[in-house]
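Today I'm opening my notebook on aromatic rings. I want to look up who pairs with whom and write it down as I go.

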Amino acid sequence: MNLHSVNICITKIELETSDSGKAENFAVATGLHWSTVLWAFVNVVLFICILSGNVLVIIAVRSCRRLRSLLSNRFILSLAVADVVVGLTLPYHLSFYLGLDLGIHHNYCLMRFFLVIFACCVSILTLITISVDRYIAIIYALHYKRFMTPRIVLSVIVCNWIMGAFVAIIPMFCNHWKTARECEFDEVLPPWYMTGFIFPSFIVIWLLMVLMYMRILRVASKQAKQVRQLPRSMNPSILLSSDWRSTQIVFFIMGCFSLCWLPYFIVVCAQIFNIFNVEPLLYRAAFSLAMTNSALNPIIYCWKNKSFRRAFNLLLRCRSPNVHPTSLIVSFSNSTATHKRNSLSCANDTIEMPIVACAKNDRLPKIYTIKF
């Protein structure tokens, strides 16, 4: 009788323990569920923004003769294509957190890392390429056409994509899939790959961009001082060149690049070296912030670049971006006020004419733009 009562007590304790465990698991699962839904919604919005913005950039460069004729815009086109690939990887990356059990398959799991790393590497390499292109255009303006020919530009773009594929294919052969508990970066990828290869490469690229832009900024400051020293009669009509404006675009790209990617690498390194406990939601938020960089690039172009802004406006209104204002021949000789009024009325946009003036050392050209 006593033995029977003991068995009943043990059974009741086991049932109560299992019920409390199920309730606790259900609560945890419910919390993760809502955080996952919120994170998924953010990624869906991010996916739409990345695709719509970068596809618009691609269409603008390919359909507008003015944009297509500039060699530097080929790098922007390559960046937009890489960002589109980044956007296309988001649904596949998101599917691993929506209960589809893709993480238990070896090939699906490794393909996830290959696609994300490949697209992000090409995007980052293209950003440093754009920086080098702007550096040459500002610092060595007289030799730009010799350094940047169509063949060289195409070769650099192809090398960026090949290098991105090479970096991304390493985890396909060197990984910890057999010992990983789940399909996550810190579980599958070896520590030396992230901390000894990816992160140092990112720091080197970031530092090179900072150094180049500091040099460009010094040159631009000298140009601004020379503009202020010109006669007063010319000051109201002289602005810095379109090369400097395009350099400002790259400044914004670099700022967004740093703010988006630095938190992600900090979280990854903290997770690998156990500096602090990284919650899954924190890692996902840092990853989404890094992907946001691919959605910001078209906004930067539209905001700072007049040619892109005009092409975007025409394309969004279903008009050809090749519709230009009436071409005018502007002379520096004295003209009547009637001629000026007619010229201004024929053009919707301001007519810009680049004027090249050599510096005192006759080595660095100063490019200005006169508006009529």
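Predicted model: local features only at pLDDT ≥ 70, side-chain atom pairs only at ≥ 80, totals over all residues.

Entry 1

Entry 2. Next I looked up aromatic pairs, and the count is 19. One of them joins Tyr135 and Tyr140. I noted 6.3 Å from centre to centre and 65 degrees between the planes. That pair goes down as edge-to-face, because the angle is over 60 degrees.

Entry 3. Then I checked Phe185 with Tyr283, a tilted pair with 50 degrees between the planes and 6.1 Å between the centres. Where do Phe185 and Tyr283 lie? I found Phe185 in helix α7, residues 185-188, and Tyr283 in helix α10, residues 280-304. So the pair ties together parts that are 98 residues apart in sequence.

Entry 4. I looked up accessibility for both partners. Phe185 has 8% relative accessibility, so I wrote it down as buried. Tyr283 has 6% and counts as buried too.

Entry 5. I then wondered which residues form one aromatic cluster. My list has Phe113, Phe185, Phe199, Phe202, Phe257, Trp261, Tyr264, Phe265, Tyr283 and Phe287.

Entry 6. The charged end of Arg112 sits over the Phe96 ring, 4.8 Å from the ring centre. I also found Arg284, with its charged end over the ring of Trp39 at 5.5 Å from the centre.

Methods
Residues numbered from 1 in each chain as written. Heavy atoms only, no water. Phe/Tyr/Trp six-rings, centres within 6.5 Å; stacked < 30°, edge-to-face > 60°. Helix = DSSP H or I, 4+ residues; strand = E, 2+ residues; numbered from the N terminus. Buried < 20%, exposed > 50% of the residue type's maximum accessible area, 1.4 Å probe, protein only. Lys NZ or Arg CZ within 6 Å of the ring centre and 35° of its normal.
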